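Reader: I would like to know what stands behind the labels. Please set each value against its rule.

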Amino acid sequence: MKKLKLFTDLIGIIFGAAIYGLAVTGINIPAKLADGGVTGIALLLNNLFGFAPSITSLIFFFSLLLISLFIFGKQAFLRTIIGTFSLVFFLHLWEGLHIHFAVQSLLINSLMTGVLSGIGCGLVFRFGGSTGGTDIIYQVFEKYFQIKIGKSLFLVTFGILIVSLLYLD
């Protein structure tokens, strides 16, 4: 029974990462929309310097994965590794397939990416996973500094979005 639950959890994490990756490469990148977390940093570096989001995400994710392993243990690490590498895989896959479905309306693009990103990340979190990245930083802040995840998420995301104003029209 435990193996079946773990298997369904991992499938849910992978499916959620696929949806989230599709939102990033299908809408955020072509519409030049900002995002938070490591993905937001990757989009920022893509727009400012042309770096591929899959590669920059992988570099940041790898560093933060090591932190996850040492601080949160093997079980959380396994789920984070599946979520992280699934997201990187799907970012690379969708980039290579050139799937873009952004439209001319900033409002519609924002709503579409919000819904898809929310569904994708929601599935990842629902099945006990993480896409790595700044999720790990938020968890560290909560564990060691008693700063709630919502507050640290807001502050880090706000900072990334402010810097993203450098490339947004």
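This is a predicted model: local features need pLDDT of at least 70, side-chain atom pairs count only at pLDDT 80 or more; totals for chains, interfaces and linings use all residues.

Author: Residues are numbered from 1 along each chain as its sequence is written, and side-chain values use heavy atoms, without hydrogens and water.

Reader: How many helices and strands does the chain have?

Author: Seven helices and zero strands. Helices are DSSP runs of H or I with at least four residues, strands are runs of E with at least two, and both are numbered from the N terminus. The order from the N terminus is α-α-α-α-α-α-α.

Reader: Why does the radius of gyration agree with a compact globule?

Author: The rule is 2.2 Å times the number of residues to the power 0.38, over C-alpha atoms. For 169 residues a compact globule would be near 15 Å; the chain has 16 Å, so the two agree. The C-alpha atoms fill a box of roughly 45 × 35 × 25 Å along the principal axes.

Reader: What share of the contacts with a separation of 6 or more comes from residues 24 or more positions apart?

Author: They account for 73%. A contact means heavy atoms within 4.5 Å.

Reader: Why is Ser152 called buried?

Author: Buried means under 20% relative accessible area, exposed means over 50%, and partly exposed lies in between, with a 1.4 Å probe and protein chains only. Ser152 has 2%, so Ser152 is buried. Ser152 sits in helix α7, residues 149–164. Leaving out residues up to four places away in sequence, Ser152 touches Tyr138, Phe141 and Ile147. Across the chain, 40% of the 169 residues count as buried.

Reader: What makes Phe89 and Phe90 an edge-to-face pair?

Author: Rings of Phe, Tyr and Trp (its six-membered ring) pair if their centres lie within 6.5 Å; planes under 30 degrees apart are stacked, over 60 edge-to-face, and the rest tilted. The structure holds five aromatic pairs. In one of them, Phe89 and Phe90 lie 5.0 Å centre to centre, with 80° between the planes.

Reader: How do you know whether Phe89 and Phe90 are buried or partly exposed?

Author: Phe89 has 48% relative accessibility, so Phe89 counts as partly exposed. Phe90 has 13%, so Phe90 counts as buried. Ring pairs link Phe89, Phe90 and Trp94 into a cluster.
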